Every structure is written in C-alpha cells, then in structure tokens.
Amino acid sequence: MDLSKLTGEIWFDGEMIDWQDANTHLLTHTLHYGLGVFEGVRAYKTNKGPSIFRLHDHTDRLYKSASTVNIEIPYSKDIINEAHQEVIRSNNLDEAYIRPMCFYGSEGMGLRADNLKVHSMVAAWEWPSYMEPEAREKGIKVKLSSYTRQVRNPVSNSKVNGNYVHSIVALNEALERGFDEALMLDAEGYVAEGSGENFFIVKEGTLYSPDLDSCLDGITRRTILDLASELDIPFEIKKLKVEDVLEADESFFSGTAAEVVPINSLDHKPIGSGLRGPITEKLQSVYFDQVRGVREKNSSWHTYVK
C-alpha cells in the first residue's frame with residue numbers, strides 16, 4: 001500500500017487538510033535525527049459505530065513520551081483526542097489504524113534541536129491486522145534476534161521515532177530467514193519483546209510477561225493483563241529467559257497493530273504443542289469481543305465516534 005496515493009483528509013497543526021497536501025520539507029529535523037513521538041491506535045466497527053480503543057491511554061502515553069524527550073506538544077489532550085475522532089468522521093471510516101505523531105520542523109539542523117517548531121498530525125486509514133488472518137489460529141514462526149533491545153532508560157522506554165530502527169533491522173533479519181517475526185532480548189540477555197509487540201508465555205496455567213525493565217509499557221499488554229485478571233487467569237510479571245520460552249506451554253504477541261497472535265515456534269523449536277493454546281485462544285477471543293464492543297465491561301476503554 002502506497003500511503004501517499006490515498007485520498008481523504010489528515011489533521012495537521014490544528015486543521016484538516018487534503019491528504020495529497022500533507023507534505024513536509026526534506027530538511028525537517030525529525031526526518032534526519034528521529035526525534036519525534038508517535039502512537040499506533042485502532043478504531044473498530046461496533047454496533048454503536050466506530051470506536052477508538054483506549055484513546056485516552058494512547059494520548060496520555062504520547063504526552064508522556066514527548067515530555068521524556070522535552071518536546072512540548074502545542075495542543076491540549078482534548079484537541080488531540082478530538083482530532084482522532086475527526087479523521088475517522090472526515091474519511092468515513094468504520095475501522096481504521098490511526099497514527100498521531102509530533103515532530104520537529106525544518107527551522108534548523110543539528111543536535112542542539114533548539115528553536116524548532118513542534119508540528120502535530122493525526123492520520124487514519126484502513127489497515128487490517130498486521131499479521132495474516134490465518135496467523136490468529138495457526139500462529140507464527142519467530143526468530144531469536146541477533147539484535148538486542150536498547151538499554152533501559154526513559155527514552156528507550158518511550159515511543160520515540162528513532163527507537164524503532166532496532167525493530168526494523170530485527171524484523172528484516174527474521175523475514176530474510178523465512179520467519180514471521182523477531183523476538184529480541186535485552187542487554188542482560190532476558191527476553192524483551194518483538195519488533196513491535198509485547199510478549200507473553202503460558203506455563204502450567206499461569207500467564208507470564210517480561211517486566212517493564214525489558215519492554216515497552218504497551219496499551220494492548222495492559223489490556224491483556226486486565227482481561228486475565230477478569231477471567232481469573234493467574235499472571236506474573238518477571239524476567240524471562242530463552243529457556244522459559246522453549247519450555248512454555250503457549251506463547252503469543254500482543255500489540256495495537258498485531259492485536260493478539262499466537263507463536264508456534266522459536267528458531268524452529270515448537271512451543272508447547274506448536275498450536276494455539278487454550279489460554280491464548282481465550283484471551284484472544286475476549287480481546288476481540290472487547291475491542292468490537294461486544295462486551296459491556298470496560299466501557300471507558302471505548303471512544304465512540306458520532
């Protein structure tokens with residue numbers, strides 16, 4: 001999909017502009033240094049109309065990331081939240097992937113990053129699940145990456161544009177070797193996350209996920225943990241070794257783009273039976289019911305677009 005060829009409107013610096021006019025200068029600071037912040041958000045079709053899932057949590061994290069790297073977003077959270085809804089309405093979307101981003105302009109070059117204007121945008125378009133539909137049932141093949149996740153610090157644990165260079169090279173390494181996704185370790189050798197997803201295993205009925213020393217504080221990860229609590233599925237946050245993964249009964253990734261996708265093997269070694277496990281299937285099913293507004297619980301997670 002060539003996103004530049006789409007039609008519609010994008011919210012940019014406080015107003016809706018034509019999709020084809022959404023351009024920026026080649027000397028835009030963020031293009032050269034990667035200093036910007038972003039989110040990945042989804043809207044789902046429900047019987048009440050399009051619902052943006054956990055919009056306020058995503059926007060809160062956007063502002064937290066911006067604060068971490070000293071970017072001052074020139075709009076309130078309410079305005080950014082309304083922009084998310086406006087791009088859904090203006091583009092007549094029932095379901096969508098939404099990309100808000102705040103970035104520096106072209107007023108200067110160099111690492112000082114001073115006297116630069118902060119621009120803000122929100123775009124939305126139709127983008128099905130990041131993984132192939134059959135992956136939800138059959139799972140995916142994962143490669144243990146030779147690239148490690150960046151050392152834990154406030155910047156690396158924020159959604160900063162430049163952080164995802166590691167993710168891109170890790171994913172491409174996996175794809176080039178015939179895998180579907182990569183699993184990265186942290187600097188201490190513990191399991192961290194996928195290229196763009198949080199990671200879970202199940203062992204003897206208990207759900208485990210790496211602690212936030214090793215991974216991003218994912219919104220979907222939070223959702224899975226909340227749903228596990230509701231369903232009385234015991235869970236534990238702990239440092240995981242590769243051996244824990246290989247000895248697990250089940251494993252899966254979670255993320256806004258990937259949603260909930262089972263992992264059937266790591267480096268061609270099957271995890272459990274090599275099939276989607278019962279707890280993964282249960283959490284996956286409840287997650288999709290939740291985002292599509294089928295469940296009455298957790299209504300505050302939904303922002304319905306009228």
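Reply: Helix 2 passes helix 3 in a right-handed crossing. A crossing is right-handed if the near helix is turned clockwise from the far one by less than a right angle, and left-handed if anticlockwise. Helices (H or I, at least four residues) and strands (E, at least two) are DSSP runs, numbered from the N terminus. The model is predicted: local features need pLDDT of at least 70, side-chain atom pairs count only at pLDDT 80 or more, and totals for chains, interfaces and linings use all residues. Residues are numbered from 1 along each chain as its sequence is written, and side-chain values use heavy atoms, with hydrogens and water left out.

Now the geometry. Axes are lines fitted to C-alpha atoms, for helices over the stretch in contact, and angles run from 0 to 180 degrees between N-to-C directions. Angles under 35 degrees count as roughly parallel, over 145 as roughly antiparallel, 65 to 115 as roughly perpendicular and the rest as oblique.

Next, the contact (heavy atoms within 4.5 Å). Helix 2 brings Leu55, His56, Thr59, Asp60, Leu62 and Tyr63. Helix 3 answers with Lys77, Ile80, Asn81 and His84. By class, the contact of helix 2 with helix 3 has four nonpolar, four polar and two charged residues. Ala, Val, Leu, Ile, Met, Phe, Trp, Tyr, Cys and Pro count as nonpolar, Asp, Glu, Lys and Arg as charged, and the others, Gly among them, as polar.

Helix 6 (residues 219–230) packs on helix 8 (residues 278–291) at about 110 degrees, with the axes 10 Å apart. Helix 6 and helix 8 are therefore roughly perpendicular. Their crossing is right-handed. Helix 6 uses Thr220, Thr223, Ile224, Leu227 and Ala228; helix 8 uses Leu283, Val286, Tyr287 and Gln290. The contact of helix 6 with helix 8 has six nonpolar, three polar and no charged residues.

Last, strand 1. Strand 1 (residues 9–12) runs antiparallel to strand 2 (residues 15–18), joined by four bridges. Two strands pair if DSSP finds at least two bridges between them. Glu9 stands opposite Asp18 in strand 2. Strand 1 also pairs with strand 7 (residues 118–125), antiparallel, over two bridges. There, Phe12 stands opposite Met121.
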